[in-house]
Amino acid sequence: MTYLAFLFATGLYYGLGPGGPLHRDDWFDALRGRVDAIEPDFWVGFALLVVVPSALIALIYGLVESLFGGAAMLIIGTGCLFFAFGRTDYDALADRFLARSRAGDNEGAALVLEEAGADIEADDAIDFGRHAAKTFAYEGFQRWFPAAFYFFLLGPFWAVAYRLIQMSAGDTKVPVGSLRHLVDWLPSRLLLLSFAVVGDFKGVLGVVSDKALDSSIETDEVLLQGIEQSIVLGDQTPAAQVERTREVMRRAWVLWVVIASVVAILG
């Protein structure tokens with residue numbers, strides 16, 4: 001049932017795109033406002049913003065499981081995983097960026113990213129392209145890979161908890177998002193290894209050996225370095241760098257779906 005829930009949630013997400021009732025986060029914004037108002041310490045804020053909602057989902061799952069048995073994973077698990085996927089329409093965002101960038105409008109391309117919440121600072125076009133590619137590397141990562149990873153490894157509630165941590169990232173009063181680097185670490189390193197399979201094996205392994213165990217390096221930076229080694233570009237324009245990032249992430253997504261399918265069949 002876990003694999004079927006994974007297939008249904010992933011199929012809906014990539015077929016229909018983000019959105020719908022499960023991606024309406026007004027309830028979380030209201031909750032965060034109330035939590036901010038009491039000015040809790042870090043761990044109380046973490047419990048209220050992440051643990052309590054996840055525990056409520058676990059309670060609902062338990063009730064449904066008592067009525068329908070293993071079908072609860074298909075009923076509730078599918079919804080949990082879809083909820084845990086990212087809110088940004090990745091391909092639409094990339095297409096908008098590429099349209100502006102290919103027309104030579106890097107200022108407009110930067111505005112596209114700023115509208116999506118990215119803060120881009122660059123000295124020249126190559127540096128701008130690298131910063132843009134880093135944004136797309138992390139966005140491509142966090143929208144699907146960790147949610148699917150935690151769903152398979154630990155269950156649907158952990159996938160929900162991951163998304164709640166991501167949604168808390170911008171909260172300055174209760175900085176639960178500071179845990180994001182920790183929960184990103186293992187899935188990002190596995191994704192980095194997958195870049196070696198879908199691209200230049202030797203080049204990516206160099207990044208793995210040098211940077212994979214370095215906990216101080218940010219997730220977006222280590223992913224981008226892996227992508228840069230996976231496919232080496234002659235053209236360093238911003239459009240080329242972002243297009244490469246999207247292509248490597250697409251190949252890695254296909255690889256992970258295949259791996260999940262093989263594991264499910266053999267299991």
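**Salt bridges and where their partners lie**

Biologist: In which helix do Asp29 and Arg32 both lie?

Modeller: This is a predicted model, in which local features need pLDDT of at least 70 and side-chain atom pairs count only at pLDDT 80 or more, while totals for chains, interfaces and linings use all residues. Residues are numbered from 1 along each chain as its sequence is written, and side-chain values use heavy atoms, with hydrogens and water left out. Helices are DSSP runs (H or I, at least four residues), numbered from the N terminus. Asp29 and Arg32 are three residues apart, about one turn of the helix, and both belong to helix α2 (residues 26-38).

Biologist: How far apart are the closest N and O atoms of Asp29 and Arg32?

Modeller: Side chains of opposite charge can pair when their charged atoms come close. A salt bridge is a side-chain nitrogen of Lys or Arg within 4 Å of a carboxyl oxygen of Asp or Glu. Asp29 and Arg32 form such a salt bridge, and their closest N and O atoms are apart by 3.4 Å.

Biologist: Is Glu221, which forms a salt bridge with Arg130, buried or exposed?

Modeller: The closest N and O atoms of Glu221 and Arg130 are 2.9 Å apart, and the pair links distant parts of the chain, with Glu221 in helix α12 (residues 219-230) and Arg130 in helix α7 (residues 125-142). Buried means under 20% relative accessible area, exposed over 50%, and partly exposed in between (1.4 Å probe, protein chains only). Arg130, at 24% relative accessibility, counts as partly exposed. Because its relative accessibility is 16%, Glu221 counts as buried.

Methods. Helices (H or I, at least four residues) and strands (E, at least two) are DSSP runs, numbered from the N terminus.
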